[in-house]
Amino acid sequence: MLANYFPVLIFMLVGLAAGVLFIALGLLLGPNRHYAEKDAPFECGFEAFENARMKFDVRYYLVAILFILFDLEVAFVIPWAVVFKELGTPALWPMLVFIVILGIGFVYEWKKGALEWE
């Protein structure tokens, strides 16, 4: 029974060893030069001006989570559309229900102002 999982164990060990090897090679052989442009902020576009534990607005994260949510929902629609001819008309109704529920959620978020950026 356990012999069936031996190739999986080998695959995991080889993957782990390759990851550790590549990270170690990057740390040992890669350039380690720091300069002002490299250390400049690039995510938010402005210099840090207070403590890292300060309170901040979470609207950016709300919009990001909503984008990921709707992006993943579309990822369910694409495979369905590819095999729709093989599935036939009975597969249309569950997908229509799925899209209607998704649309209701989108309209709800729009009405609540979750997609507004000030």
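**Helices and aromatic pairs in a predicted model**

At 53% relative accessibility, Phe76 counts as exposed, because the cut-off for that class is over 50%. The model in which this residue sits is predicted.

Phe76 belongs to helix H2, which covers residues 59-82. The UniProt record, an unreviewed entry, lists residues 60-84 as a transmembrane region, along with residues 6-29 and 90-108. For residues 90-108 the figures are 89% helix and 0% strand, with 28 Å between the end C-alpha atoms.

Helix H4 runs over residues 92-112. Its 21 residues reach 30 Å from the first C-alpha to the last, close to the 30 Å expected at 1.5 Å a residue. After H4 comes Gly113, which has a positive phi, near 85°.

Now to the aromatic rings. A pair of aromatic rings is described by the distance of the centres and the angle of the planes. How many aromatic pairs does a search of the whole structure find? The search gives 4. One of them joins Phe76 and Phe98: the ring centres are 6.3 Å apart and the planes stand at 90°, so this pair is edge-to-face. The angle decides the class, because planes over 60 degrees apart count as edge-to-face. The pair links distant parts of the chain, as Phe76 is in H2 and Phe98 is in H4, 22 residues apart. Is Phe98 buried, partly exposed or exposed? With 25% relative accessibility, Phe98 counts as partly exposed.

Trp80 and Phe84 form another aromatic pair, with 5.0 Å from centre to centre and 55° between the planes, and this pair is tilted. Phe84 has a relative accessibility of 28% and therefore counts as partly exposed. Further aromatic residues come together in one cluster, made of Phe70, Phe106 and Trp110.

The last stop is at the start of the chain. Which residues make the nonpolar surface patch of about 810 Å²? They are Met1, Leu2, Tyr5, Val8, Phe11 and Met12.

Technical notes
Residues are numbered from 1 along each chain as its sequence is written. This is a predicted model: local features need pLDDT of at least 70, side-chain atom pairs count only at pLDDT 80 or more; totals for chains, interfaces and linings use all residues. Side-chain values use heavy atoms; hydrogens and water are left out. UniProt positions are given in the numbering used here, feature names are shortened, and annotations may be inferred rather than shown by experiment. Helices (H or I, at least four residues) and strands (E, at least two) are DSSP runs, numbered from the N terminus. The expected span of a helix is 1.5 Å times one less than its number of residues. Rings of Phe, Tyr and Trp (its six-membered ring) pair if their centres lie within 6.5 Å; planes under 30 degrees apart count as stacked, over 60 as edge-to-face and the rest as tilted. Buried means under 20% relative accessible area, exposed over 50%, partly exposed in between (1.4 Å probe, protein chains only). Patches are made of residues with over 30% relative accessible area and no salt bridge: like charges are joined within 9 Å, nonpolar side chains (Val, Leu, Ile, Met, Phe, Trp, Tyr) within 5 Å. Accessible areas come from the Shrake-Rupley method with a 1.4 Å probe; for residues, only the protein chains shown count as cover. A salt bridge is a side-chain nitrogen of Lys or Arg within 4 Å of a carboxyl oxygen of Asp or Glu.
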